[in-house]
Amino acid sequence: MPANVESMFYVREAPWHGLGICVEEALDSKAALEKSGLDWKVIQKPIMTADNEPIHGFKANIRDIDSKVLGVVTDRYKVVQNSEAFAFTDTLLNEGVRYETAGSLQDGKKIWLLAKLPDKYIIEDEQIEPYLVFSNSHDGSGSIKVAMTPVRVVCQNTLNIALENAKRVWSTVHVGELASRMDEAYNTLFLAEKYMSSLEMEVHRLNRIKLTDSKVIELIDMLLPMDDEPTDIHRRNITRIREDMKHRYFDAPDLRYVGKTGYRFINAVSDFATHAKPLRETSGYRENMFARTIEGNSLIDKAYEMVISA
């Protein structure tokens with residue numbers, strides 16, 4: 001298992017890296033906590049110097065099952081336990097919520113949960129399903145984040161486009177009690193509904209933007225630029241990924257009945273961004289892919305801006 005992915009489970013088909021504990025159907029929070037390997041707690045202990053003098057203002061976050069130090073944080077930092085994360089999401093989505101995947105990264109320093117939202121949307125005759133992702137860090141490096149990510153069901157491509165008039169991410173720092181922020185978090189669900197409404201309008205808009213084949217090739221060349229004085233390796237690499245994206249636009253079976261429009265182009269770019277193998281696969285590649293599920297993908301956002309400006 002890659003070093004960055006410590007433990008996880010997945011439903012039916014493995015995401016990202018093809019590893020984890022396979023289960024046949026989505027799990028409730030109790031089972032998900034166990035199967036994902038997240039059934040441990042974070043305890044805080046004072047930090048001492050080599051001379052056994054306390055270092056004031058800081059504590060160490062330590063995992064109870066193996067005494068592993070996850071990070072050093074300030075006294076103001078409030079731990080959100082993994083079980084609290086599941087309880088929070090249970091409350092947010094109401095009884096009956098099921099988790100599609102959950103796990104930890106970087107030896108427990110970061111954890112995530114992913115659940116399918118109950119609503120389904122039909123946009124331009126296609127089924128789009130919104131997912132809720134909860135992410136947390138135990139090393140003090142990041143905030144608690146709840147994000148909504150829409151997925152085009154037919155090809156499992158994400159459509160988390162950055163829209164000016166609709167947000168899809170809520171976050172809070174590790175200060176105070178998580179339960180006290182439930183009202184803010186519930187607003188995430190309203191944000192999700194607004195985002196999906198805005199996304200539907202944008203899909204209609206993108207479908208009205210007709211693209212010639214030559215324009216598509218021009219956009220791909222702009223999206224994946226080549227150096228002014230490329231080396232042979234750079235030229236081969238850029239040529240290869242450009243051809244890959246062209247194939248995803250012109251030949252993808254899931255786009256057979258989608259017109260040659262801006263929406264088709266965005267889907268081809270999303271397919272490339274979501275599924276294409278990198279030129280060089282680093283140890284953190286899969287983790288970075290997951291991070292873009294929450295933060296958004298700059299390549300998709302750039303393609304969107306290019307299309308609406310075409």
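**Close-up views of a predicted model**

**View 1. Strands β4 and β5 pair side by side.** Strand β4 (residues 54–63) and strand β5 (residues 69–74) run antiparallel and are joined by five bridges. Strands pair if DSSP finds at least two bridges between them. Helices (H or I, at least four residues) and strands (E, at least two) are DSSP runs, numbered from the N terminus. Lysine 59 stands opposite valine 73 in β5. The hairpin of β4 and β5 has five residues between the strands, and serine 67 takes a positive phi near 60° there.

This is a predicted model, where local features need pLDDT of at least 70, side-chain atom pairs count only at pLDDT 80 or more, and totals for chains, interfaces and linings use all residues. Residues are numbered from 1 along each chain as its sequence is written, and side-chain values use heavy atoms, with hydrogens and water left out.

View 2. Asn82, Ala85, Phe86, Phe88, Thr89, Leu92 and Leu93 are buried in α2. Buried means under 20% relative accessible area, exposed over 50%, and partly exposed in between (1.4 Å probe, protein chains only). Just after α2, asparagine 94 takes a positive phi of about 75°.

**View 3. Aspartate 221 sits in helix α4 (residues 213–223).** At 28% relative accessibility, aspartate 221 counts as partly exposed. Arginine 242 is 21 residues apart from aspartate 221 along the chain. Their C-alpha atoms are separated by 7.0 Å.

**View 4. The largest nonpolar core has 68 residues.** A nonpolar core is a set of buried Ala, Val, Leu, Ile, Met, Phe, Trp, Tyr and Cys residues joined through side-chain atoms within 4.5 Å. Leu113, Leu223, Phe265 and Ile266 touch the most other members. Helix α6 (residues 262–275) gives the largest share of this core, seven residues. Which residues does phenylalanine 265 touch? Not counting residues up to four places away in sequence, they are Leu211, Val216, Leu219, Ile220, Leu223, Tyr249, Ala303 and Val307. Contact means heavy atoms within 4.5 Å. Another core, of nine residues, lies apart from the largest one and includes Leu105, Leu114, Val151 and Ile294.
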